[in-house]
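Q: Hi! Could you walk me through the packing in this one?
A: Happy to, let me bring it up.

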Amino acid sequence: MEAILGPDSEPFETFISDQMSSSEENDSEANNKSMLNMIKHKDPESLAIKLCNFLNSSQNIDSREKCAVLLSKLLAAAAADDDLCNTWRNLSVSTQSTIKCTLLNRISQLEESKSVILELRGAVMDLAASLIPDNNWPELLPFLYQCLTSTSNNKLKESAFLIFAQLADDIGETIVPNYVKILHPLFLKTLNDDTLNDLDVRIAATTAVISFLQCIPSSHEKEQFQDLLPGMMKTLTDGLCNSDQEDAAKDALDLFIELAENEPKFLRLQLVVVVGSIMEIAEAKSLEEETRHLAIEFMLTLVEARDKVPGMMKKVPRFTDSCFAILLNLLLDIKDEPSWHSAETEHENAGERDSYGFGKKCLGRFSKALGGKTVAPIAIEQLSAYLDAPEWEKRHAALIALAYIAEGSSKVMIKYLEQIVNMVLHSFQDPNPRVRWAAINAIYQLSTDFCPDLQEQYHNQLLPALAAAMDDSQNPRLQALAAEAVMNFCESEKPETLIPYLDGILNRAFVLLQKDNQMVHQAALNALAATADLSKEHFQNVQAYGRICECMGKDFLPYLSTIIPPLVECAQLEPNKTVSSDKLDDSIHKVKFGNEIICVKGSDLLAGKSVACQILALYAQKLEEDFYPWISQAASVLVPLLKFDFDNGVREGASAALYFLLHSAKLAVEKGTAQGGNQLYLKQFEHDTEVCATKLSGLNECLEVLCAGEDLATEETAKRMINLLRHFWKTVPAATWESACSLLLPQQEMELESILSPEEDVNISMKLLVL
């Protein structure tokens with residue numbers, strides 16, 4: 001360190017050279033940074049002096065730039081007011097003075113390199129913001145003003161304007177009140193100087209104007225700056241007239257965007273001229289794409305500032321029409337790349353260019369900001385024209401735009417819902433697959449934005465169209481999106497309107513599950529999940545899920561939590577006990593299913609119970625040990641069905657299902673996947689299944705004997721039966737007991753209630769007296 005800071009310049013030059021190369025040579029970077037930090041903390045005074053001397057003496061531009069960077073970092077640390085890095089306050093007054101003089105001298109007279117000036121200017125900005133409020137750099141502001149008034153050096157003027165701009169941003173309350181009036185004529189002169197060919201100076205002046213504007217609290221004072229706006233616009237247009245200066249013009253556009261966001265009222269008096277010029281930029285094909293996007297961003301920023309200036313954009317004739325047309329045109333930046341059709345994921349968007357993506361976002365913002373009342377009529381008109389165009393890109397653009405503007409305009413656009421649906425349905429027959437994809441995508445989005453109106457009013461048109469798209473085997477990407485659209489469409493507040501289409505959707509999803517395409521496979525699973533949520537309201541669909549499980553195997557596991565509850569509920573449905581068995585098939589029964597009371601034919605009810613048992617058996621068989629979490633729930637339903645008197649098919653189904661439940665439990669215990677289960681559990685489960693079946697059989701027989709009175713039982717026998725029934729009540733699982741009791745005849749129910757009454761001793765005594 002002593003050598004670096006010593007009188008010999010060579011070690012310091014080597015140190016600077018190492019600092020310059022450290023970003024390229026990672027091995028030495030840590031050492032170089034460590035040395036720099038050590039010097040900054042141990043001897044910042046000598047480091048600062050060395051840097052200033054080197055700035056004044058070195059002939060190497062790169063070395064001077066690195067010195068400027070290091071000095072800027074040193075001063076930035078000082079400005080950060082960090083106790084560990086507060087270098088500035090530890091420097092002597094003499095060294096502080098040397099630094100300030102070096103910075104201003106290099107900027108004003110000696111430095112020719114633009115990159116070095118940039119670093120020096122940054123150092124001045126950082127230091128000035130912390131020194132000026134306490135009047136610790138009194139010569140700076142007069143120096144900057146003098147740079148603007150008594151020199152023809154454009155680089156110096158540019159630096160002065162930019163430093164004023166940054167100081168206005170950082171400490172505007174200190175700078176702006178004292179300099180706003182004296183700088184105004186300098187702003188005006190610079191912005192309207194036709195002889196000034198250096199656009200950078202005029203852009204710097206524009207930067208300072210916008211920074212000052214945002215610091216002026218009074219609206220009246222801001223209005224005094226109105227005469228500067230034409231010169232600011234001229235700065236922008238002059239830059240765009242010369243392709244060599246388009247990058248500088250982009251900087252000016254960025255400034256106008258900042259102005260539109262923070263001070264939209266300032267543009268109000270000259271809004272028509274300003275917006276007209278910006279629109280010309282947005283539509284100029286000769287300009288770079290980035291430049292046109294910045295112009296569009298300016299317009300959208302103004303639109304989104306409506307809360308600050310309500311109704312301002314109405315002053316611009318046909319603004320909404322023109323702006324929407326510009327945004328819609330962005331969506332034409334798309335190519336029909338072959339790789340799009342063979343994509344394996346929905347996020348592979350081959351052929352979509354930058355303007356296409358930018359346009360989608362802009363349309364959403366535009367619609368949300370202006371609202372449906374303003375946008376909807378214009379959008380419908382322009383989209384209809386695009387849909388009639390021979391170019392597939394325009395038809396595609398119309399459908400994409402529809403999806404993106406619907407969210408912000410849905411409350412008003414619902415008035416056009418029939419027209420919108422017809423537009424989209426017509427596009428389902430388009431010869432171009434990408435247009436058909438866009439139509440499906442529109443339904444996907446509209447299902448959310450217009451729910452439940454779309455589902456309730458147009459399900460009979462849209463669901464068949466989506467189902468047909470799921471059959472389009474030549475275009476797997478369309479099949480996948482159609483399945484996803486079905487999923488979204490099913491999120492309805494009134495799912496009963498969609499039930500008639502479930503079988504067709506399930507069958508198609510079953511076919512898609514057998515495809516190799518991962519995107520199609522996943523979309524089919526999502527559609528199944530959505531339809532499963534609907535199916536729990538209607539037990540007729542359980543058989544379809546059996547087929548799906550057979551196809552998917554253990555991939556079906558994630559959907560069991562949705563499907564098992566309605567399946568169990570289906571198995572628990574009970575017919576009206578007052579109907580005789582010979583009339584059961586043709587009778588109508590009211591049963592609770594889900595949150596509804598539904599009417600079902602006796603034959604259908606029995607078939608549903610039988611199928612539910614079969615499907616539970618299938619799940620346990622196919623999923624093996626993975627079915628373990630649902631074993632207890634399934635067993636509590638199946639055991640009582642072993643004694644279901646009305647239908648042999650139900651009893652056989654329950655028996656078969658219990659066999660597979662036992663097998664599933666056994667595998668889970670053996671493989672260690674049964675949480676909380678072991679061999680003891682397995683034996684207990686087997687025992688409980690058999691015992692429960694026996695007990696339930698005994699329950700029915702005991703009650704038959706007791707109801708017959710003394711003809712079938714002695715007093716001692718009746719007493720034993722009563723004690724046995726009470727024992728059953730205490731030992732059989734509650735769900736199983738309730739299920740068994742639901743099968744009892746009315747007289748048997750009354751008998752059982754009497755036996756289990758809290759006044760048990762009295763009841764038993766009375767019963768024995770009867771006997």
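A: What follows is a short chat about the cores, a helix pair and a serine in this predicted model.

Q: How many residues does the largest nonpolar core have, and which have the most contacts inside it?
A: That core has 239 residues, and Tyr619 and Phe627 have the most contacts inside it.

Q: Which helix gives the most to this core?
A: Helix α10, residues 154-191, gives the most, with 18 residues.

Q: Nice. Now helices: at what angle do α9 and α10 cross?
A: The axes of α9 (residues 140-149) and α10 cross at roughly 125° and come within 9 Å. That angle makes α9 oblique to α10.

Q: And is the crossing left-handed or right-handed?
A: Left-handed, as α9 passes α10.

Q: Which residues make that contact?
A: From α9 they include Leu141, Tyr145 and Leu148, while α10 brings, among others, Phe161, Phe164 and Tyr179. By class, the contact has 17 nonpolar, one polar and one charged residues.

Q: Switching topic: where does Ser409 lie, and is Ser409 buried or exposed?
A: Ser409 lies in helix α21, residues 392-413. Ser409 counts as buried because its relative accessibility is 2%, and the cut-off for buried is under 20%.

Q: What does Ser409 touch, not counting residues up to four places away in sequence?
A: Ser409 touches Ser367, Gly371, Gly372 and Val375.

Terms used: Residues numbered from 1 in each chain as written. Predicted model: local features only at pLDDT ≥ 70, side-chain atom pairs only at ≥ 80, totals over all residues. Heavy atoms only, no water. Core = buried A, V, L, I, M, F, W, Y, C linked by side-chain atoms within 4.5 Å. Buried < 20%, exposed > 50% of the residue type's maximum accessible area, 1.4 Å probe, protein only. Helix = DSSP H or I, 4+ residues; strand = E, 2+ residues; numbered from the N terminus. Axes fitted to C-alpha atoms, helices over the stretch in contact; angles between N-to-C directions. Parallel < 35°, antiparallel > 145°, perpendicular 65-115°, else oblique. Left-handed = near helix turned anticlockwise from the far one by under 90°. Contact = heavy atoms within 4.5 Å. Nonpolar A, V, L, I, M, F, W, Y, C, P; charged D, E, K, R; others polar.
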